[in-house]
Every structure is written in C-alpha cells, then in structure tokens.
2 protein chains.
Amino acid sequence: MIKNDLFLRALKGETVSRPPVWMMRQAGRYLPEFMEIREKYDFFTRCQTPELASEITVQPIRRYGMDAAILFSDILVVPQAMNIEVQMKAGKGPWVPNPIRNTKDLERVIVPDIDESLGYVMDAITMTKEKLQDEVPLIGFAGSPWTILCYVVEGEGSKNFAKAKQLCFSQPELAHALLQKITDTTISYLKAKIKAGVNAIQLFDSWGGLLSPEDYQTFSWQYLQQIIDAIKNESPVIVFGKGCWYALDTMAKSGASAIGVDWTITPQMARKLSGNNITLQGNFDPTRLYSSPATIKQMVKEMIDAFGKDKYIVNLGHGILPNIPLENAAAFIEAVKEYKVD
Amino acid sequence: MIKNDLFLRALKGETVSRPPVWMMRQAGRYLPEFMEIREKYDFFTRCQTPELASEITVQPIRRYGMDAAILFSDILVVPQAMNIEVQMKAGKGPWVPNPIRNTKDLERVIVPDIDESLGYVMDAITMTKEKLQDEVPLIGFAGSPWTILCYVVEGEGSKNFAKAKQLCFSQPELAHALLQKITDTTISYLKAKIKAGVNAIQLFDSWGGLLSPEDYQTFSWQYLQQIIDAIKNESPVIVFGKGCWYALDTMAKSGASAIGVDWTITPQMARKLSGNNITLQGNFDPTRLYSSPATIKQMVKEMIDAFGKDKYIVNLGHGILPNIPLENAAAFIEAVKEYKVD
C-alpha cells in the first residue's frame, strides 16, 4: 500500500538494499518554505490548522524525498488538551503560566476526550495522507510523560529542570498521579492517531537523560512501557530517549520496534547495549551538519558502515538546527541514497 | 603533614575505614554565610580578592567538616587572563562581550604570564592554607580547554553550544589553535597553583558530553591529556567530564589519579567502563538533595555500598544547587561519616 516501504521494512528488521532516512524536526526552520508559513502564523496556529500542519509536514518530502514523513505538531499539545495552558514564547520556547506544583494544581488537570480536544491533529493526519498519496509512511509522535511533566512543572525550558525534579523527589505521590494522567491521555491520543492513519509512532523522551538510571525507571520508563504495551499491537513504535544510553537494554526488551539513539554513543556500543538485535535509529550529531557537504557524506557513509545497513534507520541524534545550509541537509540525505556496501 | 588525609589516601587507592567526602560547589549559594558575602561583593571581586576567596573556601569546612576544601574561584578566570573579557551577569551566568569567532579574534588571545595575571589566585591559596591549618587538603581546579572554548566562542551559556561546535566543525584549524593556547595557559596556571600549595587538581570538562565520542577525542580529550601529562608528577589529578561516560576507559589510562562521574551512570557500570581499578568520585544527583534527610542518608549508604568504600570519593554528580536546605546537605555529609560496611 505504501509505495516506498523502506522505513516500515527496517522497523520489521527486514533486509534492505540501503537503510531508510529521515531527520528529526525535518519540517523546520532550516527550510525557506517553512519560514514563509512561520512569518504568517504563530506556533500553535500552525499546529492547530490542519491545512498548515499538513503542508509543513510534506515540505521536506517534496524538497529532499526522505523515506518517511513526520506529522508537524508539538509534544505540548497533550498538556494543552489536559487543561494546562501552554504558550510558545518567541526566542524563549515553551511557557506554562500556571505550572503544576501541588495537589490543588493537579485537580484541574483532566484526562480529556481526544476527539473533542485534539481532533485537529486527526484532521491534519487525514489531510497529510491525502497529500502524501501513499508515497512514504507517516510518523505520529508524542512526548514521554516524564518530558511533559518537566515542562508543566518547571513552567519553561531549563538546563536541569530542577523544579520538576524537586517535585518528583519531595512529593513523589503527586508526581506519579500527574504522570499517570499524562500516560492515560497519551495512550488515547496515540490510539486515535493510529486510527487516523499514521504508520508508526515515535515517543520522544527528550529529558529522560536528566535522571539517574534508577530514577529513570521510576519516573520515566514505567510510563513509557505502559504506552508501548497499549499500542504496540496497533503500530510499530520507536522510542527515543535523549541521554538514555543506560536504558538501551530495557528499551530493547520493551516491545518497541526500534530505539532512537543520540550522538553521544558509538554505533558499536549502541548495538552492544541494545543486545545486537533490535532496529536502531540515529545518531548523527545535528551540529555536524555545519561541516562541509563532502565531510558530511563521508561521515554518513562511515556511520552506516558502523551500524550496518540492516535493522537501521538513518537519522540525526536530535532535531535539525534552524540555520543549517540547505545543501548540507541535502548531502546528508543523498549520502544515504547513494549508500553501497563496500 | 595534612591531619585528615583520607582524601589523599583515596586518591592513592589506599585502604580506608570510610571513603572521604566533599561536594562540588560546596562553597556556594546554599550557605547563608556565603550569601552574606555575596550581597556585598560581585562575582569576580570575590574571586580576585584573596581575603574573600579564602574565607568562602573554608566556610563549608567549618560548618560541615568535609574531608577536602576546594578553592573558591571560577574556570573563566583563565580566559580573562588570556585577554578575553568575561563578565558574570546576575541570573544569566557568564557573558563574553567579544566572543572568539575568527582568525582576527584569535590574534588578540594571549598566553599570559601567570604571576602577573593570576597572582591573586596564588595569594588566595596561601591565605586559604593558613586558615585551613593543614586540617584537610586543598583542591585547585581548572576547566578543560574544550569547556573554556565553549564559553569564549558561544559568548554565553547555552543548551547545546551550537555556535562553539559550529566553529569546531567548520573551522577546525582555528578551533585547535585556540584550544592549544588555552591548554598552554592552563598548564602554567596549574603548575603555579601546585607550587602555591594545593594538594590535588580537579579538571572540569563540564561540556564534554555535548560531543560525540569521536569528536570528544579530537576537540577535548587530547588537550586534557596534555594537561594531565604536564602535571601528574607534581600533583594527583581528578578528571571530571559531565556526560562523558563513553570516555571512562580513556580517562582510566590517562595517568589521572581519579575520575569524577555524574549521576547518569550506575556505580557498577562506572566501575566496569573504567576498568575496575581507578579511584572514582561521585555521583549523587544534586537534585536528589531535595529528598528528605532520611532518604538522602539511605541513598548515600547504598551508593557507597555499590561503589565500594575503597578507591572511592563520595561527591555529588555535579555542583550543589543554590536552594538546598542546610539539613539536607548535612545529611549527605553525615551519612558518609557514619558509614560502616554491613
């Protein structure tokens, strides 16, 4: 049904001629066509307007022909639906005017009806599928409950999310009640996305790596596992935890189809710690896209050689940066398409 | 000569009754006596005035009786001495008005005469030694050349130091010339500190973990190794790289006496990756000091059990946070002093 099924085959662990490639945040500020839309509409308008979200989603596919599209949206639409106000401040990032810090704050947090509160995401999926014409698969995503907690407790982006961690370590029952509400919402949300037509789900645990290995199990992983258990029979799942190298063994046994890894681990070590069997995705340092196109091509070739062409999805180790030259992004994609085993 | 030599013995790998303990940033904003001085004098005045720096250094020792003192100073006094202006902005952190971005910028960067430019640090060491009366050893420190580069190129603190990495990846020769100047300055600086009387040196690679394992070797480690080679016969060296778990094997073979580890690794894994032989220092999550004193004591006990009492220095995995309750910091120190093998 999907014409280019390289990505889905890699998720199944099948043998492929070359690995598939896409880039986290590929629908983003390095693209002039994205910047045009960005000038006219604010962040959440872009997320909430299916015409805009679907257009932004397919822009990088038209320009570069990646092997998968990822729906333009944001992990913070989930807390918005849960009755937590989230704003996006220009140049500053997310801002939560009334962060969740105590039991009273928690009372106003709801587990919402998804169609009512996030129906616009499902409409964006329908519209994107029409535009994609089954050329490539469409990825849907959600943030991990822990990462969502970080924002809604801290109230804004942070280097160490000390307030969020303080809540977890001083009021663990409150933290777990909040995490469970986010988990329940996320499960319904992702089931609706799958029903609307996405072909795979990626879970982003952007701030997992701020926790110790033990606290990661307690405050992040157990909720991710609940989500994976709930959806894995309906869709392949990719779990990406930034800085979570220490949980690769746990992730490999979770029922997820693939694990995303950041650039702070060698391909060899990532294979070893994940048990040498599961599909891995990553892990080019996004700032390495500042190197020359020739250097990028050489490094991508070496990266594929090191991961191996099978059970592997080429990607960055985190989102592409806003000011990457177009020809450098092109070099990254082309290097994969030109890949041949020596 | 030093009355409490537990710390120095742990650095030598000797058998001890209990491990020594100190806390990174122990002379810091959680202490009311520090806050009193902070209200009267700005950041670099505190660093540059030997009476103040020495007083701040001994404050935590008086209150808690840690097994080592660490000289109050900042890693950015080194670029200041190299003719790079560095300011400390309240609530914002370091700010470099004229960051180093091109060859012309590099020309004004000097390798200074240490006595002339950083004599005040040596005076602070002399004065601190007088106040300590040989009760406990005194640690001197420096930032890694890579971490210094991050600040002087980026111009301010950053989540990903993208501008600093961009310079390294697009103008590697310029980056290496700057790194070598910082390295040469740091070696002279640390030799002067050792001559002035510090009993051990800690090297802080706060931003090493932003690099891939391969880029870490190229842009950070080779310069740290130069520093270790130059001073290891004159003083024990502790090398601490935040997020640098992937380099523990390299660090273990470097000639350093000990390796500092952050909290994102289990003690078991830290021992394994460092070859089960070198002294390790760390790695309590600083935000875990928000837990109750009883929980802190229990966790410290478990941490020592896991690292083992020998070849181990109890510490946090990063600097203590400003608003930690005094009794929680006390619980951390007391748990170590009360430690007994079951």
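What follows is a conversation about chain B of this predicted model.

Biologist: What makes up the side of chain B that touches chain A, and how many residues are in contact?

Modeller: Two residues are in contact if their C-beta atoms lie within 7 Å, and by that cut-off 22 residues of chain B are in contact with 22 residues of chain A. Helix H9 (residues 162–170) of chain B gives the most to this side, with 5 residues. The residues on the side of chain B that touches chain A divide into 9 nonpolar, 9 polar and 4 charged.

Biologist: Which residues of H9(B) are called buried, and what do they pack against?

Modeller: A residue is buried if 20 or more other C-beta atoms lie within 10 Å of its own, and B:Ala164, B:Lys165, B:Gln166, B:Leu167, B:Cys168 and B:Phe169 are buried in H9(B). The buried residues of this helix pack against helix H8 (145–154), helix H10 (172–196) and helix H11 (213–231) of chain B.

Biologist: Why is strand S9 (residues 312–316) of chain B described as largely enclosed by the rest of the structure?

Modeller: Because 5 of the 5 residues of S9(B) are buried, the strand is largely enclosed by the rest of the structure. B:Tyr312, B:Val314 and B:Leu316 point one way from S9(B), while B:Ile313 and B:Asn315 point the other way, and all are buried.

Biologist: How do you know that strand S8 (residues 279–284) of chain B and S9(B) pair?

Modeller: Two strands pair if there are at least two bridges between them; S8(B) and S9(B) have 5 bridges, in the parallel sense, and therefore count as paired. B:Phe284 stands opposite B:Leu316 in S9(B). With helix H14 (residues 293–307) of chain B, S8(B) and S9(B) make a right-handed β-α-β unit.

Terms used. Residues are numbered from 1 along each chain as its sequence is written. Chains are lettered from A and ligands numbered from 1 in the order in which they are written. This is a predicted model: local features need pLDDT of at least 70, side-chain atom pairs count only at pLDDT 80 or more; totals for chains, interfaces and linings use all residues. Helices (H or I, at least four residues) and strands (E, at least two) are DSSP runs, numbered from the N terminus. Ala, Val, Leu, Ile, Met, Phe, Trp, Tyr, Cys and Pro count as nonpolar, Asp, Glu, Lys and Arg as charged, and the others, Gly among them, as polar. A residue is buried if 20 or more other C-beta atoms lie within 10 Å of its own, exposed if 12 or fewer, and partly exposed in between; C-beta atoms are placed from the backbone. A crossover is right-handed if, with the strands pointing away from the viewer, the path from the first strand over the helix to the second runs clockwise.
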